[in-house]
Amino acid sequence: MANAVYLVATDLDGTLLDHDDYSYEAALPALQLLEELRIPVIFVSSKTRSEILALREELGNAHPFIVENGAAVYIPDGYFTSPPEGSIGADGFHFREFVPRRERWTMLLGALRERFPDSFQDFATAGIDEIAAMTGLSTAQAVRANEREYSEPVQWRGSASDLDAFLAALHEGGARTLRGGRFISVAGGTDKGEAWRWLREQYLTAAQGREAFDLALGDGQNDVPLLEVAHRAALIPAPGRPLPQLERSEGILRPAGYGPEAWAVAAGDWLKELYTASSPGS
């Protein structure tokens, strides 16, 4: 497929990383194969820049990444021939921001505490030990998880009826809320899909490509905007939770297994599809 760009965009928690122990072991062979084929694997996560940098170093991943549910895109310096228009250079990256900074949302949450007493806990006021308890992360990992720049994770502890009123109040305050596997993300008006469309366009521009064949993988509702805009969408099962609901009806992969095991199956099926489509006589 001449002038085509091939990309993989993946959620992390519950998708590439196991929901319980954050292991990626089962996905390593597929990750290595994609790297050998020079197909970038791009992390598109609710995680912070600090968290993703640590994981990229572990996995030897040198590609761009998207942080905090689409809040910003980070591209390593020199990755493309020239920095994308509208990006800012700092700390070895050019980055594009899509939303206001975290302080906007911590102030909004602070104003809602009296109205919803003891009903929610956010990272900014929890402290590192409680963040570790809420997430199952180590202390060092919890520190990185709290180094947020654009969004605020909230754990809801109140009633279902009060949750509707809480979300409505956040929306009235200008926030967009995204519900992931463990937390509600409170942030500005963007999502993983919007950030991914922008980054995908940078790849097409750099390669003078005509078409993008991209695989998106995710397990939660906050992944839906990403899953909707990719050429192929892989729904990664999570124990005890229904699959994300998509409006699209075509181009959907439903691999068996959970987390990184299902991730590897989906990546393999996608590569087989690409090979079959490019084979003579297909």
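A: Buried means under 20% relative accessible area, exposed means over 50%, and partly exposed is in between. Bear in mind that this is a predicted model.

Q: Where does Tyr 79 fall, then?
A: Tyr 79 has a relative accessible area of 26%, so it is partly exposed.

Q: And Tyr 203, buried or exposed?
A: Tyr 203 is buried, at 8% relative accessibility.

Q: How many aromatic pairs does the structure hold?
A: There are 14 aromatic pairs. One of them is Tyr 79 with Tyr 203: the ring centres are 5.9 Å apart and the planes are at 85°, so this pair is edge-to-face.

Q: Which parts of the chain does that pair link?
A: Distant ones, 124 residues apart. Tyr 79 is in the loop between strand E4 (72–76) and strand E5 (88–90), while Tyr 203 is in helix H8 (residues 192–207).

Q: Which residues form the aromatic cluster?
A: Phe 65, Tyr 74, Phe 93 and Phe 95 form one cluster.

Q: Switching to the largest nonpolar core: which residues touch the most other members?
A: Val 8, Leu 34, Trp 196, Leu 199, Trp 263 and Trp 270 do, in a core of 73 residues.

Q: Which helix gives the most to this core?
A: Helix H10 (residues 259–278), with 7 residues.

Q: What is Trp 270 in contact with, leaving aside neighbours within four places in sequence?
A: Its contacts include Tyr 6, Leu 7, Val 8, Leu 34, Phe 213, Asp 214 and Arg 232.

Q: What lies apart from that core?
A: Another core, of 16 residues, including Leu 109, Phe 120, Trp 156 and Leu 163.

Note on methods. Residues are numbered from 1 along each chain as its sequence is written. This is a predicted model: local features need pLDDT of at least 70, side-chain atom pairs count only at pLDDT 80 or more; totals for chains, interfaces and linings use all residues. Side-chain values use heavy atoms; hydrogens and water are left out. Rings of Phe, Tyr and Trp (its six-membered ring) pair if their centres lie within 6.5 Å; planes under 30 degrees apart count as stacked, over 60 as edge-to-face and the rest as tilted. Helices (H or I, at least four residues) and strands (E, at least two) are DSSP runs, numbered from the N terminus. Buried means under 20% relative accessible area, exposed over 50%, partly exposed in between (1.4 Å probe, protein chains only). A nonpolar core is a set of buried Ala, Val, Leu, Ile, Met, Phe, Trp, Tyr and Cys residues joined through side-chain atoms within 4.5 Å. Contact means heavy atoms within 4.5 Å.
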